[in-house]
Amino acid sequence: MALSGKVETEIEIETAAAKFYHLFRKQLHHIPHISKDHVHGAKVHEGDWENVGSVKHWDITIEGKKTNVKEKIEGVDDDNKIITYSLHDDGEVSESYKSLKVILQVIDNDKENGGIVKWTIEYEKLKENITAPSPHSFLDFATKVTKDIDAHLLKA
């Protein structure tokens with residue numbers, strides 16, 4: 001596997017794209033209550049929940065292991081429903097990756113409701129064998145959380 005690259009996935013959702021995107025833009029603090037098996041806690045580390053430059057501390061389960069990660073909002077494009085984050089921590093992630101960027105894009109579909117959630121992970125590893133979760137594991141985590149959020153929003 002290359003030291004740098006990009007992995008991505010698209011998940012079809014039944015929730016309206018705007019409603020799904022709104023949760024990430026304005027209600028991110030609800031995710032630990034929505035995806036309890038994967039996200040166990042979240043708090044603001046710097047800034048707030050929604051503005052560029054803000055940093056959150058997340059307690060998550062990835063690859064079956066509880067861990068924590070800090071996420072910084074790098075960019076927001078509300079017109080195209082895109083949010084760019086960078087991930088880091090004081091441990092495995094920072095020791096394994098030079099950069100780890102996560103891009104969320106929520107795309108309207110042609111149907112009355114629903115959409116596509118596209119997750120892209122761009123990464124640059126510091127070395128071939130890393131101790132942190134792989135980019136594919138982060139993608140799998142994002143997929144599980146997306147499905148939990150979609151199910152929750154459909155009930156709301």
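Ring pairs join F20, F24 and W119 into a cluster. Here rings of Phe, Tyr and Trp, the last by its six-membered ring, pair if their centres lie within 6.5 Å; planes under 30 degrees apart count as stacked, over 60 as edge-to-face and the rest as tilted. The structure holds 3 aromatic pairs. In one of these, the ring centres of W49 and W58 are 6.3 Å apart and the planes stand at 75°, so the pair is edge-to-face.

A word on the basis of these values. The model is predicted: local features need pLDDT of at least 70 and side-chain atom pairs count only at pLDDT 80 or more, while totals for chains, interfaces and linings use all residues. Residues are numbered from 1 along each chain as its sequence is written, and side-chain values use heavy atoms, with hydrogens and water left out.

W58 is buried, at 9%, whereas W49 is partly exposed because its relative accessibility is 21%.

I turn to the sheet. Helices (H or I, at least four residues) and strands (E, at least two) are DSSP runs, numbered from the N terminus. The open sheet has 7 strands, ordered 1-7-6-5-4-3-2, with antiparallel pairing; two strands pair if DSSP finds at least two bridges between them. Strand 1 (4–13) and strand 2 (39–46) are the edges, each pairing on one side only. From one strand to the next, the twist averages 25°. Strand 1 and strand 7 (residues 115–125) are joined by 10 bridges, and I11 has V117 of strand 7 as its bridge partner.

Next, the helices. Axes are lines fitted to C-alpha atoms, for helices over the stretch in contact, and angles run from 0 to 180 degrees between N-to-C directions. The axes of helix 1 (residues 17–26) and helix 4 (residues 135–155) come within 11 Å and cross at roughly 115°. Which residues make the contact? Helix 1 contributes K19, F20, L23 and F24, and helix 4 contributes T146, I149, D150 and L153, contact meaning heavy atoms within 4.5 Å. By class, the contact has 5 nonpolar, 1 polar and 2 charged residues; Ala, Val, Leu, Ile, Met, Phe, Trp, Tyr, Cys and Pro count as nonpolar, Asp, Glu, Lys and Arg as charged, and the others, Gly among them, as polar.

Finally, helix 1 lies across several strands, including strand 6 (97–108), to which it runs at about 145°.

How values were computed: Buried < 20%, exposed > 50% of the residue type's maximum accessible area, 1.4 Å probe, protein only.
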